[in-house]
Amino acid sequence: MEVLIGKKTCGDTELRPLYGAADSTQKKAPTKKGGDGDESGDGEGGQKLAEKGKQLKEEMDALVDEIDEVLEENAEEFVKNYVQRGGQ
Amino acid sequence: MAISKVMGSEIEYGITVKGDPDFDPISSCVLLVNAYREDHAGEILWDYEQENPLADARGFMVDGEKYTPNQQENIARNKTLVNGARYYVDHAHPEYSCPEVTTARELVVHEKAGERILEASRREANALLPAGSQMLLYKNNSDRKGNSYGAHENYLMDRRTSFKQVVEHLMPFFVSRQVYCGAGKVGSENRSQPCDYQISQRADFFETEVALDTMVKRPIINTRDEPHANREKYRRLHVIVGDANLSEFTIYLRSGVTALVLSMIEDGAIKKTLALRDPVRAIKEVSHDTSCRKAIALENGQKLTAVQLQLEYLEMAQQYLSGRDVDDETRDVVEKWGEVLASLERDPMELASRIDWVMKLSLIESFMERKSLDWDAPQVQMLDLQYHDLRPDKGLYYMLERQGRAERVAGDEEIAAAITKPPEGTRAYFRGECLRRYGSAVFGVNWDSISFNVDDEPIRRIMMEEPLKGSRAHVEELLKNSPTAADLVKNLRA
């Protein structure tokens with residue numbers, strides 16, 4: 001019998017680390033604990049996540065400049081003209 | 001024992017043509033879908049004979065007309081791809097239904113491959129448009145003017161589980177799961193309470209608890225009963241309550257947790273009654289509360305926040321799994337579910353690299369602060385829309401991803417591979433491989449069948465009523481021994 005969700009992985013790859021190495025600038029993922037979910041999120045892990053969140057907020061300011069460069073011009077008209085027919 | 005949760009997602013994208021005052025969504029969709037070229041995909045029919053969107057899971061048929069296009073229209077609107085997906089025109093939107101998978105991680109890979117397929121066809125379609133016009137696509141669910149389009153999920157379930165049980169246990173789960181599945185939206189619509197920003201794109205549009213409709217008076221739980229598989233054994237839960245997610249982490253958690261909760265329902269592991277007093281009202285209350293602290297009313301008079309409701313499900317999941325042989329993915333999903341709920345209780349902004357609605361909110365707030373803008377500013381509404389833009393250089397989600405501000409689940413290489421490779425664990429493998437190997441002999445396709453036109457014989461329809469059969473392990477030998485479609489048909493009849 002299968003257990004919940006099958007164990008097959010995609011393609012001919014083996015199980016990879018959950019956070020792909022595709023982007024080297026990526027933030028480090030929280031360290032994986034062995035136990036159940038109920039022990040994570042408090043203590044050390046939680047504090048780390050909180051720090052990470054704060055850091056991200058600060059770094060976000062640097063992002064504003066980049067957003068400025070890519071944001072559609074004439075935002076008002078653009079948003080007004082974005083009208084869709086209802087779907088499902 | 002719960003059955004394996006074969007699953008998929010069906011995403012309708014927003015579409016517009018900038019610089020074209022006469023923009024027509026349907027012809028633009030047809031142009032887009034046909035701009036994507038795979039060998040033979042242009043000549044294969046979608047087999048509508050197998051469809052029945054009017055069957056209701058509560059056990060009756062609804063009156064209405066079944067849509068069956070003529071052959072030419074059928075081919076123009078439907079593409080079945082070598083990765084096992086269906087890419088087509090659904091009403092006035094392009095839709096990508098990913099191939100059936102068996103894990104949440106594979107779902108991420110295939111849903112993401114879908115984004116790339118649409119972006120590739122968008123670029124091709126643009127080359128055919130007059131100078132000054134540009135087609136744009138958005139993976140979102142609303143134009144913020146009262147028009148919504150769906151991002152559906154589907155999960156295979158055991159038909160022996162009563163639909164009443166499914167409804168009872170899923171309702172509180174669906175109303176509350178948006179705190180980690182929402183894609184975020186500036187403002188409100190469809191006559192719901194005004195707000196600056198809300199968690200979900202879709203919550204404003206749900207007007208009833210349980211029904212068959214998907215386009216008007218949308219229900220939190222949809223009763224469409226199209227198993228696309230053996231009807232006696234399976235049902236396919238058609239989930240219309242979710243948002244179109246860009247964050248891989250969010251897609252992973254959404255699918256993984258939902259699949260687990262459905263298994264728990266099948267195994268009778270939801271022991272508590274968490275029935276809500278007014279789910280339709282609650283789904284909007286939860287969406288409109290970005291602090292995630294307001295409590296909603298249960299039928300028994302108790303009041304719980306959405307996070308507390310999810311914690312109840314998490315606790316039942318932990319009990320359910322203890323003492324079982326749990327696979328790595330399920331263990332990881334449960335661990336991350338716990339982490340996310342803990343973050344939501346402390347401060348949702350901790351999830352600024354994990355959960356779509358928080359990622360978008362954090363980006364918008366930073367921009368507003370620096371530019372001294374308020375929520376009504378057109379630029380703020382533009383940021384909301386552009387978060388979902390499929391262009392890699394313009395889409396704000398992709399910008400976050402490029403900068404390492406979006407937690408990944410899949411790798412770019414495997415996403416690229418999934419554009420032309422089907423998942424290996426389901427019948428999608430057989431479908432995709434048949435298209436790749438014998439494309440010119442394939443006459444028509446549906447999720448649970450594929451038909452061949454070989455030599456002068458009548459059309460042969462091969463039924464695939466078992467979603468887990470047709471996997472690589474199951475058919476690799478057969479395919480190897482069938483150099484042509486005629487051989488395949490002969491071998492199958494032998």
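How much of the contacts in chain B with a separation of 6 or more come from residues 24 or more positions apart?

**View 1. Chain B as a whole.** Residues 24 or more positions apart account for 71% of those contacts in chain B. Two residues are in contact if their C-beta atoms, placed from the backbone, lie within 7 Å. This is a predicted model, where local features need pLDDT of at least 70, side-chain atom pairs count only at pLDDT 80 or more, and totals for chains, interfaces and linings use all residues. Residues are numbered from 1 along each chain as its sequence is written, and chains are lettered from A and ligands numbered from 1 in the order in which they are written. The C-alpha atoms of chain B fill a box of roughly 70 × 60 × 45 Å along the principal axes. Chain B holds 15 helices and 20 strands. These are DSSP runs, numbered from the N terminus: helices are H or I with at least four residues, strands E with at least two.

**View 2. An open sheet in chain B.** Four strands of chain B line up in the order 3-18-19-20, with mixed pairing. Strands pair if DSSP finds at least two bridges between them. Strand 3 (45-46) and strand 20 (460-463) of chain B stand at the edges; each has a single partner strand, so one side of each lacks a neighbour in the sheet.

**View 3. Strands 19 and 20 of chain B.** Strand 19 (residues 449-452) and strand 20 of chain B run antiparallel, joined by four bridges. Here B:Phe452 stands opposite B:Arg460 in strand 20 of chain B.
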